[in-house]
Amino acid sequence: MQLDIERLIEDFGGPGRLAEALTRTFPDEPVSRAAIYKWRERGSLPLTQLNKLAQLAANQGRTFNYNDYLAVAPMSAAIGRNHKMGDRLFIFDTTLRDGEQSPGAAMTREEKVRIARQLERLGVDIIEAGFAAASPGDALAIQAIAGLVKDSTVCSLARANDNDVRAAGEAIKPANRGRIHTFIATSPIHMEKKLRMSPDQVVEAAVRAVKLARNYTDDVEFSAEDAVRSDMDFLVRIFDAVIQAGARTINVPDTVGYSIPSLWHQRMRTLIERVSNSDQVIWSTHCHNDLGMAVANSLAAVEAGARQVEYTINGLGERAGNASLEEVVMAVKTRSDLFGLETGIDSTQIVPTSKLVSTITGYPVQPNKAIVGANAFAHESGIHQDGVLKHRETYEIMSAESVGWSANRLTLGKLSGRNAFKTKLTELGIELASEEALNAAFAKFKDLADKKREVFDEDLYALLSDGVGGVEREDFKFVSLKINTETGEEPRAEIVFADADAEQRAVSSGSGPVDAAFKAIESVVNSGAELQLYSVNAITKGTESQGEVTVRLARDGTIVNGLGADTDIIVASAKAYLSALNKFHGKENWLNPQL
């Protein structure tokens, strides 16, 4: 998209007056009339000059919006009134709520707290910590996060009913800054088939929920579930009503991932133009990825005037997931020439956050995933390699270091001490709950260092994945494993593991060594679980690399993930299976509604 430079210059009084005004405001960096003529010839201007124009306009008591001068789809006057150049884009992370709805991604309270503290370190503005009314466990997790997080707003989701709102209000009480995020469906199909409510009843419920939420906090967000398929006139009506009731953030979700960027831009723009008092609220969007356009739709909403975007780390979430925080944030940062917005995100914390979430949820990141995938900054083509060696920016629009990839990932060895180990964990954003957990992790590190000559950052993330500081309750603990396998013979596994305080020994054969190990465990445990996923991922390069195994089990409608890591892939598999069984024993039943 090109800027309408001609109109921009004329709005400041023409080349001569603009040059004089800029030079007078910034005497150390004078701007000549000739330079302004060059802007007009090129159809663009440097970002530093764009920022100066915003400051100049502010000094003159005028509103300046970069989007108003886009030659394609210029912003309306209403949007220009609401959002000034240099506005902040607020980052609303829902990994702990919507991301947890990914099958098997439910987290313990301790795991949620670990992720929340890393999100705070990342610079997230609002952390949606859960859905308090879903279960006592979720409410307690929100309370724990609210009591620990100081810099981010802590939010709880609530349906538009009294019980949900009260549960959310109580859960966020310990927070320095708390938010209640209440929602109700607004599309005809949802109102008729799911809610069985009339439009008038829906508006009444929404207003009542917002007013009740205001008794707990001034920071109330309202969402119209399935806004993508809702009638525009009805959306305007309900948004008008909840703003009058006290909502301060209006979220427009594409709940089913149905929209495309051009239509989402138009819908957001129209709502901001038509809703009364739209300048009194922050407009937000929450997009799902069913058609693979969640990030594109989110960015289209930002162009249309949204100043909050709701995402998850690694794009986790219901069905095909949500918009990825890392992709939206880096798009806004890398294309600051288009968006002209800033976030509070420390981008160097993106990769550590991604790795932590992947480790805890058991959802590996695909190698070709933008920003956080292992191949995101890898160059295989000879032409590309040659270009990058000569000048990085020939094929890289951002540096690997800018998003948290370490230039030198070799960290520790078998001679490294406990203090060095603890310091490195801190650098990686890994926090352990207690001194006991640190001692256990250090012992595991020493065992690993004896097996591997070089221990990398990725190894340390994996080290924390198989039970150290992760699972609150460990009924089953791996002790040892012996595998007998020979070509033409059925593999046989002999395993020893702790079951509570008792030591269990089991022997079984199977179609392969992993199958034999799992059957041996089940011969004692008899869990009745169904194996849904078995995934192996090499942590680093080389034959001595750790293998990280994910096991997904299902039982009675509950799905859990278990993770295990070891240089012996069969041992890692057994650890992962036991990890999953532990989660069955200690897991709450999370019932989070989706937006």
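**Entry 1. Helix 8**

I take a residue as buried when its relative accessible area is under 20%. With that cut-off I looked up helix 8 (residues 162-171) in this predicted model. I found Asp162, Asp164, Val165, Ala168, Gly169 and Ala171 to be buried there. I then asked which elements the buried residues of helix 8 pack against. They pack against strand 2 (126-131), helix 7 (136-148) and strand 3 (153-159), and also against strand 4 and helix 10. At the N-terminal end of helix 8 I noted a cap from Asn161. A side-chain oxygen of Asn161 lies 3.2 Å from the backbone nitrogen of Asn163.

**Entry 2. The chain as a whole**

I recorded 22 helices and 16 strands in the chain. Of its 595 residues, 57% are buried. The chain exposes about 25,100 Å², and carbon and sulfur atoms supply 47% of that area. Among contacts in the chain with a separation of 6 or more, 68% are between residues 24 or more positions apart.

**Entry 3. Confidence**

I noted a mean pLDDT of 84 for the chain, with 84% of the residues reaching 70 or more. Where is confidence lowest, and where is it highest? The lowest mean, 36, belongs to helix 5 (residues 77-82), and the highest, 98, to strand 6 (residues 249-254). Over residues 388-392 the pLDDT is below 50, and I found five contacts for this stretch beyond near neighbours in sequence. Residues 588-592 also stay under 50 in pLDDT. For residues 588-592 the model has 18 contacts beyond four places in sequence.

**Entry 4. Helix 6**

I checked the span of helix 6 (residues 109-122), which has 14 residues. From its first C-alpha to its last it reaches 20 Å, close to the 20 Å expected at 1.5 Å a residue. I then asked how many of the residues of helix 6 are buried. The count is 11 of 14, so that by the under-20% cut-off the helix is mostly covered. After helix 6 comes Gly123, for which I noted a positive phi, near 105°.

**Entry 5. Ser324**

I located Ser324 in the loop between strand 8 (308-311) and helix 14 (325-334). Is Ser324 buried or exposed? Its relative accessibility is 5%, and therefore it counts as buried. The side chain of Ser324 makes a polar contact of 3.3 Å with the side chain of Lys369. Leaving aside residues up to four places away in sequence, Ser324 touches Val295, Tyr311, Thr312, Asn314, Gly315 and Lys369.

**Entry 6. Val372**

I found Val372 in the loop between helix 16 (350-361) and helix 17 (382-390). Val372 counts as buried because its relative accessibility is 5%. Beyond four places in sequence, its contacts include Asn314, Glu326, Ile350 and Val351. Ser354, Val365 and Trp405 are also touched by Val372. I noted that Asn314 is touched by Ser324 and by Val372. I also looked up the separation of Val372 and Gly404: 32 residues in sequence, and 8.9 Å in space from C-alpha to C-alpha.

**Entry 7. Salt bridges**

Side chains of opposite charge can pair when their charged atoms come close. My search of the whole structure returned 28 salt bridges.

One of them joins the side chains of Glu29 and Lys52, at 2.2 Å from N to O. This pair links distant parts of the chain, 23 residues apart. Glu29 is in the loop between helix 2 (15-25) and helix 3 (33-42), and Lys52 is in helix 4 (residues 47-59). Glu29 counts as partly exposed because its relative accessibility is 45%. Lys52 has a relative accessible area of 11% and is therefore buried.

I next recorded the salt bridge of Asp219 with Arg179, whose closest N and O atoms are 2.8 Å apart. Asp219 and Arg179 are both buried.

Lys575 and Asp566 form a further salt bridge, with 3.2 Å between the closest N and O atoms. I found both Lys575 and Asp566 buried. Finally, I noted one network in which Arg97, Asp98 and Glu128 are joined by salt bridges that share partners.

Conventions
Residues are numbered from 1 along each chain as its sequence is written. This is a predicted model: local features need pLDDT of at least 70, side-chain atom pairs count only at pLDDT 80 or more; totals for chains, interfaces and linings use all residues. Side-chain values use heavy atoms; hydrogens and water are left out. Helices (H or I, at least four residues) and strands (E, at least two) are DSSP runs, numbered from the N terminus. The expected span of a helix is 1.5 Å times one less than its number of residues. Buried means under 20% relative accessible area, exposed over 50%, partly exposed in between (1.4 Å probe, protein chains only). Contact means heavy atoms within 4.5 Å. Accessible areas come from the Shrake-Rupley method with a 1.4 Å probe; for residues, only the protein chains shown count as cover. pLDDT is the predictor's confidence in each residue, from 0 to 100. A polar contact is a pair of N or O atoms within 3.5 Å; within protein, one must be able to donate a hydrogen and the other to accept it, and residues adjacent in sequence count only if both atoms are side-chain atoms. A salt bridge is a side-chain nitrogen of Lys or Arg within 4 Å of a carboxyl oxygen of Asp or Glu.
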